Amino acid sequence: MKKIFLDCGSNIGQAFIKFTKTHSIDKSWEVHLFEPNPKCYERLANFQSKNITLHKCAVSDNNKPKMLNVSYSHSEKDWVGGETNILTSESNWVNFFNQSKDHLLVSDSSELSYPKINSNLNKNIIQEKCLEVECVRLVDFIRDNFKREDYIVLKLDIEGSEFAVMDDIITTKTTDYINEIFVEFHERLFDPNVKQPREGRTQLSQRYISLFVEKNIKYGAWH
């Protein structure tokens, strides 16, 4: 039996550092860090070792490349913001971030792209941040690389894509592979009536949490 930690949406490694303490993750664990933002990926390079593999891609319910919507972090003074995502204009996330100067759509092909979000930003800056990223279908990665007997700890902090990924996990019965799951829910990016304190407590997120309990998967909230 292998012990596996899958960190989906690694950002600059905050979760991995925390889980090394809470789960005593050491060199006996197989660790996979998934992060599509190249700026974040550069920082994650410090973690790479024999048991830690970095994946420069976004986690999704399919393998199709997607445009990355990049956010800026004032604390880090770099384009490594935690709200970076691969959502499309079909979600409510654009409205949610509409007043923010830290977030922008990087796809010029989008109907919601520059200058509608942050009209005061220099377009040359936005052009530099425009990039398409690879995606990995998480259920394929899990089923192709691991066995049901392995012990898998999964962390999902993928800015709204968690719902599609979890639906895919449930539909394909990949829940049979997972022992612990830690999720940050982002209902507010789809429902303007949901405020941040309620995330993880709405009918939508409770449906997933109840299923985890039913499947004997240890659940923990991630923030």
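## Terms and model

A residue is called buried when its relative accessible area is under 20%, exposed when over 50%, and partly exposed in between (1.4 Å probe, protein chains only). The structure is a predicted model, in which local features need pLDDT of at least 70 and side-chain atom pairs count only at pLDDT 80 or more, while totals for chains, interfaces and linings use all residues. Residues are numbered from 1 along each chain as its sequence is written, and side-chain values use heavy atoms, with hydrogens and water left out.

## Overall make-up

The protein chain contains seven helices and ten strands; helices (H or I, at least four residues) and strands (E, at least two) are DSSP runs, numbered from the N terminus. Of the 223 residues in the protein chain, 52% are buried. Among contacts (heavy atoms within 4.5 Å) in the protein chain with a separation of 6 or more, 66% are between residues 24 or more positions apart.

The buried residues in helix 6 are Glu-162, Phe-163, Val-165, Met-166, Asp-168 and Ile-169. Just after helix 6, Lys-173 has a positive phi of about 60°.

Asp-168 also takes part in a salt bridge, its side chain meeting that of Arg-137 at 2.8 Å, N to O. A salt bridge here is a side-chain nitrogen of Lys or Arg within 4 Å of a carboxyl oxygen of Asp or Glu. This pair links distant parts of the chain, with Arg-137 in strand 7 (residues 135-137) and Asp-168 in helix 6 (residues 162-171), 31 residues apart. Asp-168 counts as buried at 13% relative accessibility, whereas Arg-137 is partly exposed at 22%.

## Other salt bridges

The whole structure holds eight salt bridges. One of them joins the side chains of Lys-2 and Glu-30 at 3.2 Å, N to O. Because Lys-2 lies in the segment before strand 1 (3-8) and Glu-30 in strand 2 (residues 29-34), the pair ties together parts that are 28 residues apart in sequence. Lys-2 is partly exposed at 34% relative accessibility, and Glu-30 is partly exposed with a relative accessible area of 24%.

Another salt bridge is formed by the side chains of Glu-76 and Arg-43 at 2.6 Å, N to O. Glu-76 sits in the loop between strand 5 (66-67) and helix 3 (93-96) and Arg-43 in helix 2 (residues 38-44), so this pair ties together parts 33 residues apart in sequence. Glu-76 is partly exposed at 32%, and Arg-43 is partly exposed at 27%.

## Two buried serines

Ser-10 is placed in the loop between strand 1 and helix 1 and is buried, with a relative accessible area of 1%. A polar atom of the Ser-10 side chain lies 3.0 Å from the backbone oxygen of Asp-7. Such a polar contact is a pair of N or O atoms within 3.5 Å; within protein, one must be able to donate a hydrogen and the other to accept it, and residues adjacent in sequence count only if both atoms are side-chain atoms. Leaving aside neighbours within four places in sequence, Ser-10 is in contact with Leu-33, Phe-34, Glu-35, Leu-44 and Lys-155.

Ser-205 belongs to helix 7 (residues 203-214) and is buried, with a relative accessible area of 0%. The Ser-205 side chain reaches the backbone nitrogen of Arg-201 at 3.2 Å, and a polar atom of this side chain lies 3.5 Å from the backbone oxygen of Gly-200. With neighbours within four places in sequence set aside, Ser-205 is in contact with Phe-185, Glu-187 and Gly-200.

## Largest pocket

On a 1 Å grid over the protein atoms alone, a pocket is an open set of points where a 1.4 Å probe fits, with protein on both sides within 12 Å along at least five of seven lines; lining residues have an atom within 4 Å of a point. The largest pocket has about 570 Å³ of space, a volume being the space filled by probe spheres set on grid points joined across faces, edges and corners.

The lining of the largest pocket has 35 residues, of which Asn-11, Gly-82, Glu-83, Asp-157 and Glu-159 lie nearest its centre. Helix 1 (14-22) and strand 4 (58-60) are the elements that give two or more residues to this lining. By class, the lining has twelve nonpolar, 15 polar and eight charged residues, where Ala, Val, Leu, Ile, Met, Phe, Trp, Tyr, Cys and Pro count as nonpolar, Asp, Glu, Lys and Arg as charged, and the others, Gly among them, as polar.
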